[in-house]
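Here's a quick walk through one model, a few spots at a time. Have the structure open and follow along.

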Amino acid sequence: MKCLLIASESAEVLFHWTDREFQQTVQQQYGESQEEGQGLPAFEDSISTLFAPIIISCSTMVDRLHESYTSFTTENNHVYVLHQMDEYLYIAVNGDGEEGEDDLRRKIYVLKKMIEVLFGMVTLSSTLLRRELRPQDTVHRARLWRHLQTLLETYCHLQQNDQSFLVEAVERLIHPTLCEQCIEFLERRLVQQLNRHRNASTLSTSDLLALIIMAQNMYPSNMELEDPSPEEGESTSGSGHESFYTPEPSPTDPDSSGSDEARKGGTPVFEFVDPDIQMAEDSLQTLEVPPPDPSTPRRVFLEVSLKEGLYPMMPHSMYCLPLWPGITLVLITKIPTGALAMSVYKYLEAFAKLEKRLMEGQEGSAASRGQPNMHEVRNKLDKFIKLLGPREIQTVQLQNVWTEFKNRAFSRGGPGFNKDLIPWCKNMKTQLCGIYKQCFLTDFGPGDNSQHLSTSLQERAQAMVQEKLMDWKDFLLVKSRRNITMVSYLLPHFPGLIHFICVDRSTGQMIAPSLSVTERTTSELGKGPVAQFIKNKVWKLVSTTRHYLQKGYSTVTLRDGDFFFCYFLWFENESVKAFKLEAGDIPVLPDDFAPIGMLAWDYYRRKLLRYYSKSHQGEVVKCYELLTVHLGVIPAEIILQHCRQLASRLWEPTRNPLL
């Protein structure tokens, strides 16, 4: 039984996702209380009623004690994790024992990340975010919630089956020739036609993982089918008509016609086992989602790093162009009015910092002279509003609120910079987010040529990439399932080594042999139950090491039956590379801190590297992780020697592994 909910303080549901078992339980519970002859209540109302006591309890604790509980376990062993973000409460529930508190907390943060990618800076305004997550149009709301649900389901599928999502790093393609050809082709033939490298920036690992989730959601690749038969080839290509990836619900009903339909490659359907269960109009129901149109981009909001600084949630257009079954070309372009988003972010940041200073008790000149200086902001914002023009109602509202703010803050007869200004800081942030919403969240169609690439250019890019990669497509498809090169080169040199994962946290890249667990294919780990057993051990090891990292440990060695596990986190200087697998002190994190990783929150860059770099000013510091699984009969000194040699071979100074 699983559930994830976003609710307001008044117990209004802004989003929910539940598996089939949880839905049936809720419907049965509230259906029994209905009088004879009456239909079942809307599921949305039922789930709101179910969680209302918890939501009210949290609000009461915050109001009276300024604290709240973050998790609890019920008598029937259902685990609840709660996290307050601004004015909204996220609640994640697990009742089947498959997820612990850390897993549920990570799921909450991943959902928050996907909402930020979809809505950008609108998420900084609770008022506007509520309107986006819960639109009045019930059909629109159902489609939006279904889209968020399938993104969440796709993430869960990838996290449970893909090592790159397990450790939250992008898998590195180990083939120098192919990499060089791709880079050369993109630079000479494609990128120059798109933007000639103007204002190009590197995608952060967090955004790249989020985009992979979205692309996989649009064109699922059915990774578990490694050797499809000819009859299955057409239906499992991943480039059919389904718009979203929908994994099998848990538990699976072998008699369910819906499961059979999904296996046949039909459009995934959100349905219930009990045909008598009815859904109200404003609840989720079976939706026939049209196939995605590659020529029409999706608006996504990604981090941009420039010389001037870091700008989160900048608007981009995302194009997913299918090349072959299982291989998709993703193009990301900045939109022409992106500079406006940077200005909005600067002003939002200025008012947020002023609000913080006022809440801390700083008033008068102490509040206005901070960074940025509010007198400088005043002049720039006057010009910004003037350039927007008075035609749109949102601009008029911003002008009115800004005028009132200036009268209070800068006029001689006004109250000046004191706590009375805090509500107006909040109001200014809401109006700025409204401008952002007006400019970047408005629907745009194929006729709006200023907002997306022409169809002819997209088709040309698609054809050119297909032509260039034609000789490599089979290699890429095999590579996505089995890291044959690494297995044949590395593992024979390390007797007793069963598996390893090495991650460069500075670049967000990982290297690891594949983990094939299907019955059809025999891999280096065996096949079927044997490979699944090893996979479960690796997943458990990653969870354990995160727990120790949170407690401030950078080295972990464990013996578990017939296996010996090692984990090392260490730092390196660009000029001196010792591969000693040593690390200094690392910060201890509270239990309710953001989960360790890079997708939900970049712990390594924002916390660990900043912490460690304080004592290494002016140096380029790199951070690495290595996880190994050995047979337990191997002596400890041999295992440590293997770890050092792996660290040395995998990340050479040239950054090209000897593979």
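This is a predicted model: local features need pLDDT of at least 70, side-chain atom pairs count only at pLDDT 80 or more; totals for chains, interfaces and linings use all residues.

Residues are numbered from 1 along each chain as its sequence is written, and side-chain values use heavy atoms, leaving out hydrogens and water.

Helices (H or I, at least four residues) and strands (E, at least two) are DSSP runs numbered from the N terminus, and two strands pair if DSSP finds at least two bridges between them. S4 (residues 79–85) runs antiparallel to S5 with seven bridges, and Val81 sits opposite Ala92. Strand S1 (residues 2–7) is also antiparallel to S5, through six bridges, with Ile6 opposite Tyr90.

How many residues of S5 are buried? Seven of the seven in S5 (residues 88–94), so the strand is largely enclosed by the rest of the structure. Buried here means under 20% relative accessible area, with exposed over 50% and partly exposed in between (1.4 Å probe, protein chains only). Tyr88, Tyr90, Ala92 and Asn94 cover one side, with Leu89, Ile91 and Val93 on the other.

## The six-stranded sheet

Next comes an open sheet of six strands, ordered S6-S11-S10-S14-S13-S12 with mixed pairing. S6 (170–171) and S12 (555–560) are the edges, each with a single partner strand, so one side of each has no neighbour in the sheet. S6 runs parallel to S11 (residues 509–511) through two bridges, and Glu171 faces Met510 there.

## Two packed helices

H14 (residues 393–409) and H15 (residues 422–440) pack at an angle of about 160°, their axes 9 Å apart. That makes H14 roughly antiparallel to H15; the cut-offs are under 35 degrees for roughly parallel, over 145 for roughly antiparallel, 65 to 115 for roughly perpendicular, and oblique for the rest. Axes are lines fitted to C-alpha atoms, for helices over the stretch in contact, and angles run from 0 to 180 degrees between N-to-C directions.

Contact means heavy atoms within 4.5 Å. Among the H14 residues meeting H15 are Leu398, Trp402 and Phe405, while the H15 side includes Trp424, Met428 and Ile435.

## One buried glutamine

Gln159 belongs to helix H5 (residues 138–161) and counts as buried at 16% relative accessibility. Setting aside neighbours within four places in sequence, Gln159 is in contact with Phe165, Leu166 and Trp539.
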